[in-house]
Structures are given as C-alpha cells and as structure tokens.
Amino acid sequence: MNRGPLYDKTYRPQLSGHETFPLRYGWLKKAYDAVKLAEDSGDDASVFSADDAIARFGVGKNMVASMRHWANAAGIVEEKSGRPTTTSLGYVLFDDVDGLDPYMENPSTSWLIHWKLCSQPTKTSWYWAFNHYPALTFHRDILVRNIAELANDRGWTRASQATIKNDVACFVRSYVSQGLKGNASHEDSLESPLTELGLIRSREDHHGLRFVRGSKPSLGSGVFTFAVTEFWRGHSPSARTLSFEALAHEPGCPGRVFQLDENDLLDRLYALEDSSQGRYTWSETAGLKQIVRDFEFDSFDATGLIQLDYGT
C-alpha cells in the first residue's frame, strides 16, 4: 500500500523553481547574508526581486531565482508574506560571527542540506527518489516515468512530462559529478556540494546510475541525531517511543534519506544516547527495537545538536 505525504489528497507537488540549476557552492551563504542585511537595515523589499538583485548576487536573473529556491528548500531562509527572513538554521551555519561553517567546508553541512531537501515532501522528485523508488539502480527516464505515472494517478496539475524531465535532470546533476566540458564557464564548472556525499554514482558498466546504500563515515552523529529528532517530530510528535522499523523504512526517515543499511542504522541508534546527551535511549524490551525519549519537542531547538559535528 502506498503511503506518505505524496499520496495525501491535499499534497501539492513542486517540480520547478530551481530554473534547472542545481545548488552551487556559495549560494546559501550569499542568500543568507543578503536576507540578514535586509533584516538588519529594516528593508521591507525582497532582496531577490529588487532592481539591484542581479548586481548584488553577481549572477543572472534566473540564477537569482534559483538561489532563492534553494535557500528556502534548505531551510536557510523562509518566506513570510512573500518576504524572505533568516532562520535559526541559517544563523547557526552561515552567520559571519557565530556560524559553524559559513563556506561549507565541513561535510556535515552538506549532509544537513541533503536531509532538509529529501526528508520533507516539498521537493517532489528528491523525496520520491530517496523515499519511494524501490531499487538501487535506475535510469533518468525511469524516474521520469515513475513520477509522471504518480502525477497522473494523483491528478496533479502543471506536472507535464517536460517539467518532470527537467526536474529529474536537476536532481541527478545535484548528486552526480558531471565532469568538465570544453566550453563550460567557470560558474558552470562548479559542482553541487551534494556530489561530495557519494549518494548516487554512475554504474560500473556505465549503464545508468545507482544509489549507494550502506555505511556513511562522513555523516556525523550530530546531524544524524538532528535528523532523528526532525523525523520523530513530524512522524508521531505525541509518541514517547519510535520503532526501528519506522526509522529504517518510513518515507522521510533517516534510514531512507541517508541510504543506510539496517546494521549501520542500528549502530547509530545504539550510540544515540551519547549523541543526544541522554535525551534518547535505546530499548529492546520484549524483542521490540525502539528509541525512547524523555523530553518535550515543543521546548527543544534541535539545531543545537549539529554542533557535535563541528568541534564546538
């Protein structure tokens, strides 16, 4: 049985907005800085649609729109009444004075951005690929066909074949290194930071692509604990326990989004008590594998957990 937010009657797909440009190094920092400056100066205009936006960001109009899209999707800024504002996550990562990793030099930042993009159903192709696609190997056209069939079944409007194809192409370019082309500009040659995660690679026989499932050594315990917290908060916020099955297999769970196998996920859950400073404990009572929490989500800011991965 199909389950998850993509199958909800009220779900509205997002298959565009990036203007076909994958996320690029420096974009989130630039977006955060511009929005923060506008906030500090009391400027009510949107920095992304202002007349000087192209000059401010040093890119073309479509790239400015793409930058805005990625900053929102990654949770670095959020829109309030059509005006972007900074978020606590944006501050923790990108603030000039207190930011943990303003220039995305730590792989934990890329893991965190990946989590934000793929654990929530906002970005349809990203969410479908990591949480619903049933196999490890795929071709772009298979993803396009799968999402087009889903769009048809669910009666989504504005989900044309061309729109889906462009979205899937952007998805693949976000995670798979394209290599340099002879006529590529400097801007075009910059890879997405998500390619460094190694989550999707070309198959050895060069026929298609494959998800890389298994241990993720560069995924820090802080980001993992943050992900567990966000997933639990969205999945069953009133429950005091969360099963291993949910953490491994439910749409939007850490196991799926980080492409962890069950053994690696178990190892991380065993260590969760330490990485959460005692907020979570592991239990196998009566053969039921689950984590238990002893705090309230409403009074807890999970962004503090990621500091474990930055040596602070």
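**Confidence, sheets and helix packing in the predicted model**

Where pLDDT is low, the predicted coordinates should not be read in detail. For the protein chain, the mean pLDDT is 92, and 95% of the residues reach 70 or more. The structure is a predicted model, in which local features need pLDDT of at least 70 and side-chain atom pairs count only at pLDDT 80 or more, whereas totals for chains, interfaces and linings use all residues. Residues are numbered from 1 along each chain as its sequence is written, and side-chain values use heavy atoms, with hydrogens and water left out.

Secondary structure elements are DSSP runs numbered from the N terminus, with helices (H or I) of at least four residues and strands (E) of at least two, and two strands are taken to pair if DSSP finds at least two bridges between them. An open sheet of 3 strands, antiparallel in its pairing, has the order 6-8-7. From one strand to the next the twist averages 25°. Strand 6 (residues 241-243) pairs with strand 8 (residues 290-293) in the antiparallel sense over 3 bridges; within this pairing, L242 stands opposite I291, and the bridge partner of S243 is Q290. Strand 7 (residues 280-283) is joined to strand 8 by 4 bridges, again in an antiparallel arrangement, and here S283 stands opposite Q290. The hairpin of strand 7 and strand 8 has 6 residues between the strands, and in this hairpin A286 takes a positive phi near 55°.

A further open sheet, with 3 strands in the order 3-5-4, is likewise antiparallel in its pairing. Strand 3 and strand 4 (200-202) stand at its edges with a single partner strand each, so one side of each is left without a neighbour in the sheet. Strand 3 and strand 5 (residues 209-211) run antiparallel and are joined by 2 bridges, T137 having R210 as its bridge partner in strand 5. F138, which lies in strand 3 (residues 137-138), is buried (under 20% relative accessible area, against over 50% for exposed and values in between for partly exposed, with a 1.4 Å probe and protein chains only), its own relative accessible area being 2%. Leaving aside neighbours within four places in sequence, F138 is in contact with Y133, L143, I200, G208, L209, R210 and F211. Between F138 and G208 the C-alpha to C-alpha separation is 5.8 Å in space, although the two residues are 70 residues apart in sequence.

Two packed helices are described by the angle between their axes and the distance between the axes. The axes, which are lines fitted to C-alpha atoms over the stretch in contact, with angles running from 0 to 180 degrees between N-to-C directions, come within 9 Å for helix 1 (residues 27-41) and helix 3 (residues 61-73) and cross at roughly 85°. Helix 1 and helix 3 are therefore roughly perpendicular to each other, on a scale where 65 to 115 degrees counts as roughly perpendicular, under 35 as roughly parallel, over 145 as roughly antiparallel and the rest as oblique. In this packing, W27, L28, K30 and A31 of helix 1 meet M63, S66, M67, W70 and A71 of helix 3. By class, the contact has 7 nonpolar, 1 polar and 1 charged residues, where Ala, Val, Leu, Ile, Met, Phe, Trp, Tyr, Cys and Pro count as nonpolar, Asp, Glu, Lys and Arg as charged, and the others, Gly among them, as polar.

In helix 13 (residues 262-270), the residues D264, L265, L266, R268 and L269 are buried. The elements covering these buried residues include helix 10 (221-235), helix 11 (244-249), helix 12 (254-257), helix 14 (272-275), strand 7 and strand 8.

Most residues other than glycine have a negative phi. T20, in the segment before helix 1, has a positive phi near 70° and is partly exposed, with a relative accessible area of 36%. M104, in the loop between helix 4 (88-94) and helix 5 (107-118), has a positive phi of about 55°, and at 9% relative accessibility M104 counts as buried.

How values were computed. Contact means heavy atoms within 4.5 Å. pLDDT is the predictor's confidence in each residue, from 0 to 100.
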